[in-house]
Amino acid sequence: MKPLLSVNNLSVTYKGDSLALQELSFSMNKGEIIGIVGESGSGKSTLIRALLGLLPEGGRFTGGEISFQEKMLLRDSRLDWAGVRGKRIAMVFQDSGSYLNPIRSIGSQYIEAIRTHFTVSRKAAQTMAVNMLSDMGLHDPERIMRAYPSQLSGGMKQRTAIAMAVTMEPELLLADEPTSALDVTTQNEVMNRLSVLRSRQGTGMIIVTHNIAVAAHMADRIGVMWGGTLVEMEDTFRIISDPRHEYTRKLLSAVPELEGNVHGS
Ligand SMILES: Nc1ncnc2c1ncn2[C@@H]1O[C@H](COP(=O)(O)OP(=O)(O)OP(=O)(O)O)[C@@H](O)[C@H]1O
Ligand SMILES: [Mg+2]
């Protein structure tokens, strides 16, 4: 199978300091879910942003290649994300919900976003939106469509933002701590719903999380970052049952119930 995404020797620096990403390489298949874990400052967010071609102020590509569906997005610092980002590659951040436009109803911005990507009537777009909000576990989606962001809780806004990202039927969803601001129950629910979505739409996902238990439950493979590079990336079961890197062992020892029990619950 041709890879969905492949990354070769990717390096990124901020203001010429030491490398935030150091010759990082991996590739993933269609519909695969990869969990990325690693300590604070190890480069997880930088990786997600690099894959989107959206490095923060001061960030610069210093080498490597990124290709998506065999189309080269980055080679020798030349960028070519046009037409890919937003639809074929979608993204969700920890605070995506707070980026909803405060002066427009959810429905008006959601429908507009859908109609930018798909040629459908307003009515059809409304139905798509309502279905996806309900798929994300939001009760009374019609009310949410009529509401303004200030009338929703943080968790509702975040689920709405996730719903909007996945409605575009992206081939790849990049998510940086998408549920960290949610309570544990909601976190699990959203993650389960994302897994269902993968089965239904075949969406590949890269999900950054601080929580290796979350990664273990939904990811096919787990990548462990350390100092701007992937120190291990293996099948979830392998990582859990036989972690090679010291940091991975440390992460796992914090959740003893995981050991040897990845597929148990
Ligand atoms: N906008 C920025 N300007 C300068 N340096 C940055 C910037 N963003 C990140 N860095 C540096 O790049 C390195 C990687 O940071 P990054 O945010 O990718 O880590 P992370 O793994 O996402 O951490 P966390 O778990 O805390 O979110 C760190 O050394 C950080 O200080
Ligand atoms: Mg981060």
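**Questions and answers on a predicted model**

Q: In strand 2, which residue is the bridge partner of Val12?
A: This is a predicted model, so keep that in mind throughout. Strand 1 (residues 5-14) and strand 2 (residues 19-28) run antiparallel and are joined by 6 bridges. Within strand 2, Val12 finds its bridge partner in Leu21.

Q: Which residue in the turn of the hairpin formed by strand 1 and strand 2 has a positive phi?
A: The two strands of this hairpin have 4 residues between them. In that turn, a positive phi of about 50 degrees belongs to Lys15.

Q: Is Asn9 buried, partly exposed or exposed?
A: Asn9 has its place in strand 1. Its phi is near 50 degrees, a positive value in a residue other than glycine. Most residues other than glycine have a negative phi. With a relative accessible area of 42%, between the limits of 20% and 50%, Asn9 is partly exposed.

Q: Where is Asp140, another residue with a positive phi, found?
A: Phi of Asp140 is near 55 degrees, and this residue is not a glycine. Asp140 counts as partly exposed, at 42% relative accessibility. Its place is the loop between helix 3 (122-135) and helix 4 (141-146).

Q: Which helix gives the largest share of the shell around ligand 1?
A: Around ligand 1 there are 13 residues, and those that come nearest are Ser40, Gly41, Lys44, Ser45 and Thr46. The largest share of the shell, 3 residues, comes from residues 44-52, that is, helix 1.

Q: What is the distance from an oxygen atom of ligand 1 to an N or O atom in the side chain of Ser45?
A: Let's start with the backbone: a polar backbone atom of Gly41 is 2.9 Å from an oxygen atom of ligand 1. For Ser42, a polar backbone atom lies 3.3 Å from an oxygen atom of the ligand. With Ser45 the side chain takes part, and the distance is 2.8 Å.

Q: How much of the accessible area of ligand 1 does the protein cover?
A: On its own, ligand 1 has 630 Å² of accessible area.

Q: How many residues of helix 1 are buried?
A: The buried residues of this helix are Lys44, Thr46, Leu47, Ile48, Ala50, Leu51 and Leu52. Just after the helix, Gly53 takes a positive phi of about 70 degrees. Helix 1 is largely enclosed by the rest of the structure, because the buried count is 7 of the 9 residues.

Q: How many residues are in the second, separate core?
A: Among the members of this second core are Met28, Leu47, Leu55 and Ile206. Its number of residues is 33.

Q: Which residues does Leu258 touch, not counting residues up to four places away in sequence?
A: Leu258 is one of the residues with the most contacts inside the largest nonpolar core. Leaving out residues up to four places away in sequence, Leu258 touches Ile212, Ala213, Ala216, Ile240 and Leu252.

Q: How far apart are the C-alpha atoms of Ile222 and Glu232?
A: Ile222 is found in strand 10 (residues 221-226) and is buried, with a relative accessible area of 0%. Beyond its neighbours within four places in sequence, its contacts include Gly35, Val37, Ile212 and Glu232. Ile222 and Glu232 are 10 residues apart along the chain, and their C-alpha atoms are separated by 8.0 Å.

Q: With which side chain does the side chain of Thr186 make a polar contact?
A: Thr186 is found in helix 6 (residues 184-201). At 11% relative accessibility, Thr186 counts as buried. Its side chain makes a polar contact, at 2.8 Å, with the side chain of Asp183.

Notes
Residues numbered from 1 in each chain as written. Chains lettered and ligands numbered in written order. Predicted model: local features only at pLDDT ≥ 70, side-chain atom pairs only at ≥ 80, totals over all residues. Heavy atoms only, no water. Core = buried A, V, L, I, M, F, W, Y, C linked by side-chain atoms within 4.5 Å. Buried < 20%, exposed > 50% of the residue type's maximum accessible area, 1.4 Å probe, protein only. Contact = heavy atoms within 4.5 Å. Near = heavy atom within 4 Å. Polar contact = N/O pair within 3.5 Å; in protein donor to acceptor, adjacent residues only side chain to side chain. Areas by Shrake-Rupley, 256 points an atom, 1.4 Å probe, with all protein chains shown as cover. Pairing = 2+ DSSP bridges.
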